[in-house]
Structure formats: C-alpha cells, structure tokens
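Student: I've got a model open on my screen and I'd like to know what the labels on it rest on. Can we go through it together?

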Amino acid sequence: MTEHHLNGIRLNHELLLCNDPNCQFQAHQHSVDAMYNSIIQALKISGKEFMQRRECSKTYNIIPGWNEYCREVHSSARDAFIIWAMNGRPRSGPLHRNMQITRATFKQALRRCKASESKAHADSLARKLLMKDTKSFWAEIKRLNGKSSTPIASTIGNSTGPNAIAEQWKNHYSSILNSVPPGRHYKGITEVLESTTYYNETLTAIGVKNAIADLKLGKASGLDTLSAEHFRYASNRISILLSLCFNAMLLHSYVPKAFSDTVLVPIIKNKNGDITDIDNYRPIAISSVASKVFEKNYSFKNFKNPREF
C-alpha cells in the first residue's frame, strides 16, 4: 500500500545534488519542505486505506475459556460438517446423525462457556499459577482489570472549561520554558562548536531502516497523527526517502516546521493528590516519529566534547 504512494513522490534533483554546506537558497528549503510533507502525506493516506480495509474485514469475538471448553468439540463439529457436505449433504444416515450430534455438543459447550465466564477466568488463572507461568498470569490479571483510568479535572487552578484550561496550560508552560533568555548561552555554545572537530557524515538508508526497527510501538502519535507503526510497516522505500530528506536537512541546516512541531501534554504527578492543582502536573513532550528516527541516526555523535549529551 505504502509502496504505491511513496513511489509517486517527485524528487528535486537539484536539491539532492547540492553539495554546498553554506547553501541558503530558499528554493532548496522549500524543496525540503515539499519532500518531507510528501512523505508524511503518503504515510497518512496509506494508513487510512489500511484502516478502511480492516473495518471491512471480518472480525471475531474473543470468548473466554474457548481453548479449554470449546476448541476440541468445535474442531470435531467442523470436521463432521465437512465430511457430511462432501458426501452430498444427506438428510439421514450415520453422516447426518454424526453431524447433528457434534454440532449439538459444540453448541452446548459454547453455552456452558459463556454462562461460566467468571469460572473460566478463575480456572485459567489457576492453571497458569500451577504451571508457574507468572508472565501470562499477570498479563491476564491486567487484561481482566483493565487499564487504570486517569481522573480528568474540570477545573485547573482558576480556569474552568476546556478552552480556558488549554489557554492556562499554554501560558504556564510558556513562562517556564522561556524563562531563560535564548541568547544567554549563545557565546559558550559557539566557542564549543568552533573548537570541535566536525565530520560531514551522511545518513544511510540502512541506518534509517535500523532506527525505524528500533522504534517502540504502541506510543502516542505527534501532531502529524503518525505513529511508529506507520513507519515500521511501510515499504523499504521509506528508508531511502527519509535518508535523502535527512541529508538535505543537514546540508542546508534547515528543518521543516512540521518536523520540529511538538505537543506538550500535562501528566498528573500524584493521582491521589489535588488534581485541580496546577503544580501537581508535569509536562511531557510528544514529538513527531520522523524526528525520533532522525535523532536515533544522528544523536549529536559528531560532537566530541566532555559535556556531550
């Protein structure tokens, strides 16, 4: 699915052939924007198409205790039905009788399984505990209990309502994160960079592929709504395109705005404390998955300094 959409991305060869590390040509910066946005858009479209196909596909309900009570009798009933159907679906005789008996046995087991759902859970947990399968035991306990829901406050500080609370978080984190003037450490950073040996390394498609494989799945998506799964399950062409885009960004010392956009989410520190207290929250930054792939590749590895981070 992604192969088709990624294959339709048009590359600017003038941008890719540029080798001037001091290039400030705005047309090249616009081309970097266009290339990055085309990759993100291709992944979005592929994800939507996949979800549409998945919604149309047949889904199955999970029945607790199926393997213990219904699996064998269901297999017998299915085999008996296939044999009965292959022999012309007779309306009487041993094949017809066997099909009826196995089907009735399966339906009875299924009714018993549904009626004793709680007992099936208890038996399953006891069986895992006796087999000392602690991993499966606690996994089932967690699944049965469900994830603990986080309380949501309707009032934070002196603000009430979604819009007022969002504006308060904006002002609160703006004052904290911008408390240090941007040029305060400029001189020190400039001196360190000037005395640092820099090697102009390019990022390879293999490196990007390994970085994508190292992404953690099931995490929150950034503002572009793309998750790690979009990159992990895309075609191999995504590694090539991202490596070209990343190298163009490094050469031109320019990153697209969508690449660096980050959303701050307030997380409760103490759930048992006052959830309306603004100081009871800590911010976490959710960046784009593409930026995480870039960081895993580069990670400031070219800056050799005792204070390297």
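**Reading the labels**

Tutor: The protein's secondary structure comes to 14 helices and four strands. Helices (H or I, at least four residues) and strands (E, at least two) are DSSP runs, numbered from the N terminus. This is a predicted model, where local features need pLDDT of at least 70 and side-chain atom pairs count only at pLDDT 80 or more, while totals for chains, interfaces and linings use all residues. Residues are numbered from 1 along each chain as its sequence is written, and side-chain values use heavy atoms, with hydrogens and water left out.

Student: Why is Ser235 called buried?

Tutor: Buried means under 20% relative accessible area, exposed means over 50%, and partly exposed is in between (1.4 Å probe, protein chains only). Ser235 has 15% relative accessibility, so it counts as buried. Ser235 is found in the loop between helix H11 (228-232) and helix H12 (237-252).

Student: What does Ser235 touch?

Tutor: Contact means heavy atoms within 4.5 Å. Not counting residues up to four places away in sequence, Ser235 touches Thr2, Glu3 and Leu6.

Student: And why does Gly207 get the label partly exposed?

Tutor: Its relative accessibility is 21%, so Gly207 counts as partly exposed. Gly207 sits in helix H10 (residues 205-213). From Gly207 to Lys296 it's 89 residues in sequence and 8.8 Å in space, C-alpha to C-alpha.

Student: How much of the protein is buried?

Tutor: Buried residues make up 29% of the 309 residues.

Student: How do you know what span to expect for helix H8?

Tutor: The expected span of a helix is 1.5 Å times one less than its number of residues. Helix H8 (residues 162-177) has 16 residues, so it should span 22 Å, and its end C-alpha atoms are 22 Å apart, which agrees.

Student: Which residues of H8 are buried?

Tutor: Ile165, Gln168, Trp169, His172 and Tyr173 are buried in H8. They cover an arc of only 120 degrees around the axis, which puts them on the same side of H8. The arc is that of the directions from the helix axis to the C-beta atoms. The face of H8 turned away from its buried side carries the exposed residues Asn163 and Lys170.

Student: What covers that buried side?

Tutor: The cover over the buried residues of H8 includes strand E1 (155-156), strand E2 (159-160), strand E3 (263-268) and strand E4 (281-286).

Student: What about the length of H5?

Tutor: Helix H5 (residues 94-115) has 22 residues and reaches 31 Å from its first C-alpha to its last, close to the 32 Å expected. Its buried residues are His96, Met99, Thr102, Phe106, Ala109, Leu110 and Cys113. Seen down the axis of H5, they fall within an arc of 160 degrees, so they line one face of the helix. Pro94, Arg97, Arg111 and Ala115 are exposed on the other side of H5.

Student: Which residues of H4 are buried?

Tutor: In helix H4 (residues 66-86), Cys70, Ala77, Ala80 and Trp84 are buried. Seen down the axis of H4, they fall within an arc of 100 degrees, so they line one face of the helix. The buried residues of H4 pack against H5, whereas Asn67, Arg71, Glu72 and Met86 are exposed on the face of H4 turned away from its buried side.

Student: What makes something a nonpolar core?

Tutor: It's a set of buried Ala, Val, Leu, Ile, Met, Phe, Trp, Tyr and Cys residues joined through side-chain atoms within 4.5 Å. The largest nonpolar core has 32 residues, and Ile39, Ile212, Phe231, Ile238, Leu242, Phe246 and Val293 touch the most other members. Helix H3 (26-56), H10, H11, H12 and helix H14 (289-297) are the elements that give two or more residues to this core. A second, separate core of nine residues includes Tyr173, Ile268, Ile275 and Tyr281.
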